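Here are my notes for your first look at this structure. Please read them with the model open beside you.

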Amino acid sequence: MSGLVDARGVTFRHVYVHVPFCARRCSYCDFSIAVRRVVPVEDFVQALAGELAARFGEPPALSRERTRIDTLYLGGGTPSRLGGDGVVDAIAAVRRYASVDESTEVTIEANPEDVTAAIVAQWVGAGVNRVSLGVQSFDPQVLAWMHRTHDVAAVHAAVDALAAGGIANWSLDLIYALPGEVPRDWARDLDAAIALEPTHLSAYGLTVESGTPLARWRERGRFMTPTRNGTNATSCWRTSVWRRRGSITTRSRIGGALRSSRATIRATGVVSRISASDRRPTASTATHGDGTSASTCTGWSEPARGVTRWAARNSSRRASARSRRSTSASAHHRE
């Protein structure tokens, strides 16, 4: 074996590294994480090197034998908790097996409070060219309810640090569909996010998972189950005022399965497409085998006058009719 080729002869060109450490568990989180005041960075990097060796054997002696990869993604958990040196060492461990060049997208998930100018400089030096910021809300009360460890000022400071450090490709996460008992202005959060002009905006629908603080609060009657009310359509339409090219993805997590609309659309095919010829956002909806659905819209432009709403339809009963409209709308758009 050489590079990222396993015993079966399978070559890996997309690498995900899970970094489990967090400063605090969020109220909704049921992911595999480890809350640590002091992160054991050296132990983690050694464990990562051991995992790579166990899967792929000894690293190749010659650089030309390393596998060129298309993406390297550090997720978590909170990878930014590794700090500058830890991220550098973790990427270096992967680089012993993989060739990471300028065309490789190297992403790190980060909490805003971890992003400083010095840290960004180290990340860039290690090859990081994309950052995913976990913001979730711009409302201090909502952040406290979610058990987030940052404040709004930290978000703006992080964005400034990314810009100063030369990382123009960064995304921002928001969580929608909070219980009605939580005072939250979703439209204001969207406006605040769009004003920062991220390259990509992801919106996650809140779900209650067993074993989380959120589940315990519900059991005690502190709130009702969050409702899913078509906020993804509102997200797409409101974001159409964003004049620069960007994208927004809504992701549904039901029954513990997190599904990204972009990945799922490639896997299952587009069920419905609404043409952007009327200057609304191009929108796609994918329906999954388990009954969940996800929507994405890209390519923003100035909305047409008199257009007041955009709806993403995901009823499986209308799949056939939507497919016919999709073909017609796509042909019209090409013309």
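A crossover counts as right-handed if, with the strands pointing away from the viewer, the path from the first strand over the helix to the second runs clockwise.

1. Keep in mind that this is a predicted model. With that said, look for the crossover. Strand 7, helix 3 (residues 117-126) and strand 8 form a right-handed β-α-β unit.

2. Now look at the pairing inside that unit. Strand 7 (residues 105-110) and strand 8 run parallel, joined by four bridges.

3. Why is strand 8 described as largely enclosed by the rest of the structure? Because seven of the seven residues of strand 8 (residues 130-136) are buried.

4. Check the side chains of strand 8 next. In a regular strand, side chains alternate between the two faces of the sheet. Arg 130, Ser 132, Gly 134 and Gln 136 point one way. Val 131, Leu 133 and Val 135 point the other way. Residues on both sides are buried.

5. Finally, move to a loop. Thr 207 sits between strand 10 (200-205) and helix 7 (213-219). Is Thr 207 buried or exposed? Its relative accessibility is 15%. Buried means under 20%, so Thr 207 counts as buried. The side chains of Thr 207 and Glu 209 are joined by a polar contact of 2.9 Å.

Notes
Residues numbered from 1 in each chain as written. Predicted model: local features only at pLDDT ≥ 70, side-chain atom pairs only at ≥ 80, totals over all residues. Heavy atoms only, no water. Helix = DSSP H or I, 4+ residues; strand = E, 2+ residues; numbered from the N terminus. Buried < 20%, exposed > 50% of the residue type's maximum accessible area, 1.4 Å probe, protein only. Polar contact = N/O pair within 3.5 Å; in protein donor to acceptor, adjacent residues only side chain to side chain. Pairing = 2+ DSSP bridges.
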